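Look over the model below.

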Amino acid sequence: MKKIVIAGIIIAGLFSSCQDIGDDYLEAPAKSTLDESVIFSNAGLAKGAVDGIKIPFAETNSYRGRFLPWYGLNTDTEWYNTSQTAGDNADLCVYDAKPTNTQMNTTNNVWAMMYSGIERANICIRGLRNFGKPEPGTDLGYLLGESLTLRAIYYADLLKTWGDVPARFEPINSQTIYLAKTNRDEIYKQLLKDLEEAATLVPWPNQSSNTTTVERVNKAFVKGLRARLALAASGFQQYPDGIRRSKDAELSVEKMYKLALDECRSVISSGSARLESSFETLWKNYNQENIAAGGESLWELPFADGRGRMLFTFAVRHTTNDQFHANGSNRGGAAGPLPHVFYDYDQADSRRNVTCVPYKYGAAVNGIAKQELGALDTWYFGKYRYEWMKRFVTSTNDDGVNKMYMRYAEILLMAAETANELEGPAAAAPYLKEIRRRAFAPAVHAQKVDNYVNALNSKTTMFNAIVEEHKFEFTGEMERKQALIRWNLLKAKLDEAKVKMANLKARTAEYADVPSTLYFKLGTDNVTLTIYGLNRGEVTNPGVDYTSFAWTKLDDAKLNSLYKEGVNPDNRQFWPIWQVFIDGSNGKLTNDYGY
């Protein structure tokens, strides 16, 4: 069973200073100093404290219920399935979030929880450095590396969501309660330095008892996260003075791409992680909560069985409790792939049917639900499925499935992108081929892998192919938005997607051969649909035992809800800082970008 252990009341008390800001809060660090010498010189006690850094991930209005369900939508591949319904929920996705958003504007929201996690990490880092003798190959050394990495995760998500934010790399004291925003370049440089140190302290997957599961950090993940942050730091992003790359010479494309390529090649050459044998196997293992290290998943944000909402939010929709879960009515299906994405995949690509699902489970009769076709404009992410779980979820408010934060496929695509930029397409080709080799059956490797990749003989064509491959690999994982931003492609790709959806609706241009009628029947299990007409060119009625279904519903209101009319997504790359935190900042915090 997955869980986060807190080693006793003493360690819980160590973090009591994170909860409130006031006179008692200011006295708390001094009160806990004596305890730190005991806690952080003992590996068992220190582990409990470091585990406590993870607690804010799962708080009610933190990652669990606010950040993971909303950040990352809408892109050119995925959207909130009711983006067309005006309101604060949709505003978070359609690039029109306001500081007073009712989903977010509370003192216990994810902004506060991220800083709570950072404060916990700062206390652990201070204690381990002062009292723990954290050296490579020791448990206390590992715990320092884990603390540095967990702090970097919180900051990475703050930076991609809000841009410039206050930097706190020491526990709060009376002089540092209120801080203004720090230039994000300085934060990125500190995180890159921290992760470089962490990589010397944290073993490879399965190299020690600390790295046998993906709920604990390992060297492959630390290096991968460092590569991801290097690309984000050097990429395009919105600054208060416009969309640009960093002006800091230390964060140049040349330096950051070299760093990222070196880190990715280090992970690849280590042999400590690998692609799963098939795309479906990867996602079945994920839903079955296989947390053994050494496979494709590099690190997962850990949730206990009664916390977390990954399936609750993103799974194929289940209308009622049924044979697969007792998680409540209308679970899953809050977001899904854009309707054209299924038709952009090569029909032979094994990722297509795993990623894009056109059906939901209807109302259960006598406890049994059957699959039902939905509509052309409402698809579901097949990567998340109650029906693939081994555990029967009975919580009415959570499902407990982890968030897969990084996987080995991203290492390969980052290696391809950086090798292409620095060394040319021939250097990138092996990494892209490895991704596609898993996606296609061996019988078509010559055509779909070797010939396809070998034809990408310029940096531009290779880069464009990598952008497309990223779409096919990561749709539904909410990694696309930050990638589009750093490539300076956000609005351009959103506009391209709107054109694609309009063409699909009209069955013109690249979607002229997409059928307008589906045919379906129930399989022998009386639950699973057999569908004809999803593939291009399948227009012949397959027989009297099939029922026809119009495959045309793509309302203009929904098509145009990818981002709000009159809003430029490139000028709304971040969420605003919520008003409650502006008001409580003693005048130190303000919103940029016209909020």
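Which residues have the most contacts inside the largest nonpolar core?

## Nonpolar cores

This is a predicted model. Its largest nonpolar core holds 133 residues. Tyr 63, Trp 111, Trp 162 and Trp 575 have the most contacts inside that core. Helix H7, residues 139-162, gives the most to the core: 14 residues.

Take Trp 111 and leave aside neighbours within four places in sequence. Its contacts are then Leu 158, Trp 162, Val 165, Pro 166, Ile 577, Trp 578, Phe 581 and Leu 589. In soluble globular proteins, nonpolar side chains tend to be buried together.

## Cysteines

How many disulfides does a search of the whole structure find? The search returns zero. A disulfide is a covalent bond between the sulfur atoms of two cysteines.

The cut-off for a disulfide is sulfur atoms within 2.5 Å. Cys 93 is buried, at 0% relative accessible area. Cys 356 also counts as buried, with 3% relative accessibility.

## Lys 223

Is Lys 223 buried or exposed? Lys 223 counts as buried, because its relative accessibility is 13% and the cut-off for buried is under 20%. Lys 223 is found in helix H9, residues 219-234.

Beyond neighbours within four places in sequence, Lys 223 is in contact with Ala 199, Trp 204, Glu 263, Ser 266 and Val 267.

Methods:
Residues are numbered from 1 along each chain as its sequence is written. This is a predicted model: local features need pLDDT of at least 70, side-chain atom pairs count only at pLDDT 80 or more; totals for chains, interfaces and linings use all residues. Side-chain values use heavy atoms; hydrogens and water are left out. A nonpolar core is a set of buried Ala, Val, Leu, Ile, Met, Phe, Trp, Tyr and Cys residues joined through side-chain atoms within 4.5 Å. Buried means under 20% relative accessible area, exposed over 50%, partly exposed in between (1.4 Å probe, protein chains only). Helices (H or I, at least four residues) and strands (E, at least two) are DSSP runs, numbered from the N terminus. Contact means heavy atoms within 4.5 Å.
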